[in-house]
Amino acid sequence: MKSDAWLHRSHWSMLATSLHQAGVRRLVLCPGSRSAPLTLSLVRSEWFDYVVSVDERSAGFVALGMALRHQEPVAVVCTSGTALLNLGPAVAEAFFQRIPLVVLSADRPLGSVGHQRGQVIHQNGVFGEHVQASLCWVNQIDSTEALQESYHALQAILQTACSQKGPVHINVPLQEPLYDVPDPLPKQAFESDLSSQEFLNIPTEFPNLPNELKEAWNSALVQRQKIWLLAGMGAPDSELDRILEQLLEQNTACQLWREDLSNLRSGRRINEMAWNLALPEPPDLLISWGGPLVSKALGRCLAQNPRLLHWRIDPRGELIDTYQRLNGVWASEPVQALQSLLELVPPFSSDSIPGDYGMNDQQKHLLLEQQIQEEYKHIPYSDSWAMNALRPHLQGARVHLGNSSLVRKFLALPSIPGTPDFVHCNRGTSGIEGNVSTALGDALVSKGSEEVWLLNGDLATAYDAGAWLVEPRPLLRVVLFNNQGGDIFRQIPGSSTQAECETLFATPRPIHWESWCAGYGLPWRRVDSKESLESGLAWLKAQEQSAVLEVSTLVEANREAERLLRPNQP
């Protein structure tokens, strides 16, 4: 039997080994005394890059932003008590975005709850259904058998984070002394049943093309019905783009629609303004995949056809029925599923393939976008005008968007040559928190290899002030749209008509942004006209550290721009 000292060292080496084998390479560490053994053992293993965040609410989103780049798990470590609750928004966002996140929380010893001790809450299972799995990793190892059993439990939950693409929670009750952490064992001390590559590429058996979908696909082609492929929010995927291009070329009845948040290059953008002017004719067969879409016009379009058949491609096989017309779910990765459709033998000979009747809507909306581009030249200086002028500067960059009005205004911009490499918004829960932190996490992984921009509102920026307590601080270009509060509430028909709209919903706050930025050591510049914006953008692009360009707009000008751009807005 191994000595107690060896078991003590093994316990902590096991944690670092398990995380490393699961593909975790980056940590976000929150200071705390109870979590000291977790923090010290991981840092001293020398296996991980790490940043330190004082604010747990921000830390969770920083970890989420870091995980976005490669879709690899990132671990965030926090102390006991309400610190863990502050990770809740980021955990929920990771769950609905399907981002692998590992939450490691320190806890008081079992049985401490309810005895008036500090920093004690009910931590086990605190995230409920917003995690893929949770584990209470008891820090009581009295034999090599118990150590091995604990090791396998860790492996299992980390494998869940990788295979299910979502957050997991490991709660670790810890006894004092908290700072007496032994040096780690040699890295070969533990032999895993799985290599790191196997953790990250867990083979999954997906069912073949469902017969009902195959019949619906062939029937739609034979009857010359309209087929839509609809891509939701997702990460860039060149292989998926390749398959889609071939599929569209082979089946001219197909149209592919997607928003910028899908990060695909194929098909046509859903432009909310163009769709509000002229809704496309809805499809007979809809095949969708990916995360949520922002467009409300899309939902209205799909609701207009009671004959619509809707099949969803979903790796987890979840019944996501956004449009209340779901006929079935194909449990598969989109690449595999669409490749199967591509390999189907067409139900007609090559010389009888229907004409290019799927292009009418796309051509019509291309002309509408050209018309809208002209209209942008005539609107007053406003959020929408500034965003349109800003967009050429984002070519090849990674762009993060604030929720509510800003993401909608960005997605309504007409198409232009050249696009960002990546466009993201926290649409899993569509909350106000975490926009700055997520962008900073992305920039931390980028390390200057790509420009990372954040287009955010004034209230959302102030709400996530804890993001600037992260160290080290990467280079992030922030365009702060100061539209005097929550501008989305001035657009919503319900709230905008209330006499209390400004005080109860828009809630403008007189923040002096120059002083605010100075307090966080951020270079700042303000623009408030068409003439000053271009020089302001040149200043922002020249900065070699995180900086804030405040684009100050007036409420009246934003409303006038909306009226001119969206005269038929429902």
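Q: How many aromatic pairs does the structure hold?
A: The model is predicted: local features need pLDDT of at least 70 and side-chain atom pairs count only at pLDDT 80 or more, while totals for chains, interfaces and linings use all residues. Residues are numbered from 1 along each chain as its sequence is written, and side-chain values use heavy atoms, without hydrogens and water. Rings of Phe, Tyr and Trp (its six-membered ring) pair if their centres lie within 6.5 Å. The number of aromatic pairs is seven.

Q: Is the pair of F95 and F96 stacked or edge-to-face?
A: Planes under 30 degrees apart count as stacked, over 60 as edge-to-face and the rest as tilted. The ring centres of F95 and F96 are 5.1 Å apart and their planes stand at 90°, so the pair is edge-to-face.

Q: Is F95 buried or exposed?
A: Buried means under 20% relative accessible area, exposed over 50%, and partly exposed in between (1.4 Å probe, protein chains only). F96, with a relative accessible area of 43%, is partly exposed. F95 has 16% relative accessibility and therefore counts as buried.

Q: How many residues apart in sequence are the parts that the pair of W257 and W275 ties together?
A: W257 and W275 form an edge-to-face pair, 5.1 Å centre to centre with 90° between the planes. Helices (H or I, at least four residues) and strands (E, at least two) are DSSP runs, numbered from the N terminus. W257 lies in strand β8 (residues 254-258) and W275 in helix α10 (residues 272-277), so the parts tied together are apart in sequence by 18 residues.

Q: At what distance from the ring centre does R398 lie over the face of F422?
A: A charge sits over a ring if NZ of Lys or CZ of Arg is within 6 Å of the ring centre and within 35 degrees of the ring normal. The charged end of R57 sits over the ring of Y463, 4.3 Å from its centre. For R398 over F422, the distance is 4.0 Å.

Q: Which side chain of opposite charge is nearest to D241?
A: D241 is found in helix α9 (residues 238-250). D241 is buried yet has no salt bridge, a term for a side-chain nitrogen of Lys or Arg within 4 Å of a carboxyl oxygen of Asp or Glu. Lys and Arg count as positive and Asp and Glu as negative, with His and the chain ends not counted. At 5.8 Å, the nearest side chain of opposite charge is R265.
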